[in-house]
Amino acid sequence: MTMRLAAAELVESREILPGQWLQAYHAPTIASGSRAGQFVHVRTGDFSGMVLRRPFSVNTADLATGVITIHFRVIGRGTEWFTRLRAGDEIDLLGPLGRPFEVDPRSRHLLLVAGGLGMAGVRMLADEAIRDGRQVTLLFGAASSREVYPSSLLPDEIEYVVATDDGSLGHHGFVTDLVPEYEAWADQAFACGPSAMLAALARQAEGRRGRLGVASLGRKRGGGRGDPAGSPAARRKAFLQVSMEQNMGCAVGACLGCVVMSTSGVPQRVCREGPVFAAEELVWEGAWS
Ligand code: FES
C-alpha cells in the first residue's frame with residue numbers, strides 16, 4: 001500500500017441532500033492509487049483551536065482528472081468547517097488508507113447494499129464494477145425520501161432500488177427486506193451502513209448457501225481451505241463483504257481506537273485490517289446499537 005500525504009484542492013462543493021455534502025478535490029496521487037473501499041484521512045491542522053482529523057471513504061476517483069469526491073453529513077463543528085471551504089482552498093489528505101473490497105474475477109453480478117451515509121462506502125465499487133463489465137444492483141435504505149441518494153449521481157448502468165422506513169419512496173421497510181429477491185442472482189454482496197443493518201445482512205448471508213443449495217465460489221475452488229481468514233483470497237471467496245463505519249483516532253493502526261472483534265478472538269483494527277471485512281470474519285452479536 002502506498003499512502004501519501006497530499007495537498008488536495010477543493011474543486012466543487014455542494015449540498016446534495018439536507019445536511020449532506022458532496023465535495024470534489026483535486027488529488028491525483030490519491031485518485032490514481034485508490035481502490036473501492038479505501039478511505040482518506042484529513043490531516044489538516046489547527047483552525048481556531050480545532051484539529052480536523054476525520055476519515056472519509058473515497059466516494060469516487062477519476063483517473064483522468066485526478067479528482068476524488070467525499071460524501072459526508074454535517075454532524076459537528078469539524079464537518080461544518082468543511083462546508084465553508086471554497087473552490088481553490090487546500091486541505092491535507094492522507095491516503096489511500098485501509099483495505100479495499102475484493103471482487104472475485106468470476107463474479108458477474110454484484111449486489112451492493114447501502115444504508116444512509118453508507119452509500120459513500122460502496123459508491124466507488126459501482127464504478128469499478130461497471131468499468132469491469134459486471135452487472136450491479138444497488139439497494140439503498142433511508143429513513144424517508146428526503147434522505148434518498150439522488151439517482152442522477154449514480155452510473156446509468158446500475159439497477160437502483162430504494163427502501164424507506166416511512167414508505168415515502170420505494171419499498172416501505174428496511175433495505176434488508178429486499179435482499180432475498182437478489183440472493184440467487186448475486187455472486188457477491190458488498191455493504192456499508194449502520195451496524196444493525198450489517199448484522200442483519202451477515203445473518204442472511206450465513207443461511208444463503210443452504211437455501212440456494214449450490215456450491216459457493218469458495219467450494220468450487222477447493223473448499224475454501226488454505227486461505228487465511230482476512231487474506232484477500234479468503235475475502236474474495238466470501239459472499240458478503242462489509243465496510244465498517246467506525247470512529248477513528250490515528251487512522252494508521254497505532255491508537256487501537258477503532259477495533260472490532262473477529263470470530264477468532266483477535267481484535268481487528270478497522271483502519272488497517274479493514275475498513276472492509278468478510279462478514280464471516282467478525283462477531284456480530286451485540287452489534288445492535
Ligand atoms: S484509528 Fe488508530 S488504530 Fe485504527
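Which residue is the bridge partner of T164 in strand 13? Keep that one in mind, everyone, and I'll come back to it.

Thanks for coming. Some housekeeping to start. This is a predicted model, where local features need pLDDT of at least 70, side-chain atom pairs count only at pLDDT 80 or more, and totals for chains, interfaces and linings use all residues. Residues are numbered from 1 along each chain as its sequence is written.

The protein chain is divided into domain 1 (4-97) and domain 2 (109-281), with bounds taken from an automatic or database domain assignment. When I say helix or strand, I mean DSSP runs numbered from the N terminus: H or I over at least four residues for helices, E over at least two for strands.

Seven strands make an open sheet in the order 6-3-9-1-2-8-7, and the pairing is antiparallel. Two strands count as paired if DSSP finds at least two bridges between them. Strand 6 (55-57) and strand 7 (60-62) are the edge strands, each pairing on one side only. Direction ignored, neighbouring strands here are turned by 35° against each other on average. For angles, the axes are lines fitted to C-alpha atoms, for helices over the stretch in contact, and values run from 0 to 180 degrees between N-to-C directions.

Have a look at strand 1 (residues 4-17). With strand 9 (residues 90-97), strand 1 pairs in the antiparallel sense over six bridges. A6 has L93 as its bridge partner there, and A8 stands opposite I91. With strand 2 (residues 20-26), strand 1 pairs antiparallel over seven bridges, and E12 stands opposite A24. Strands 1 and 2 form a hairpin with two residues between them, and G19 in that turn has a positive phi of about 80°.

Strand 12 (residues 159-164) and strand 13 run parallel and are joined by two bridges. And here is the reply: the partner of T164 is H172.

A nonpolar core here is a set of buried Ala, Val, Leu, Ile, Met, Phe, Trp, Tyr and Cys residues joined through C-beta atoms within 7 Å. Buried means 20 or more other C-beta atoms within 10 Å of a residue's own, exposed means 12 or fewer, and partly exposed is in between, with C-beta atoms placed from the backbone. The largest core has 74 residues, and L112, V113, A191 and L201 touch the most other members. Helix 3 (residues 119-131) gives the most to this core, with seven residues. The core draws at least three residues from each of domain 1 and domain 2. Leaving aside neighbours within four places in sequence, A191 is in contact with V113, V122, L198, L201, L240 and V242; contact means backbone-placed C-beta atoms within 7 Å.

Between the domains, the C-alpha centres lie 23 Å apart. The contact takes 16 residues from domain 1 and 19 residues from domain 2.

Finally, some backbone geometry to check in your viewer. Most residues other than glycine have a negative phi, and most peptide bonds are trans. Here are the departures I picked out. G95 and P96 are joined by a cis peptide bond, omega about -5°, and P96 is found in strand 9. The bond from G274 to P275 is cis too, with omega near 10°; P275 lies in the loop between strand 17 (267-269) and strand 18.

A251 is not a glycine, yet has a positive phi of about 70°. L256 has a positive phi as well, near 60°. A251 lies in the loop between strand 15 and strand 16 (259-261), and L256 lies in the loop between strand 15 and strand 16. Are A251 and L256 buried or exposed? A251 counts as buried, because 26 C-beta neighbours fall inside 10 Å. L256 is exposed, with 11 other C-beta atoms within 10 Å.

Notes
Contact = placed C-beta atoms within 7 Å.
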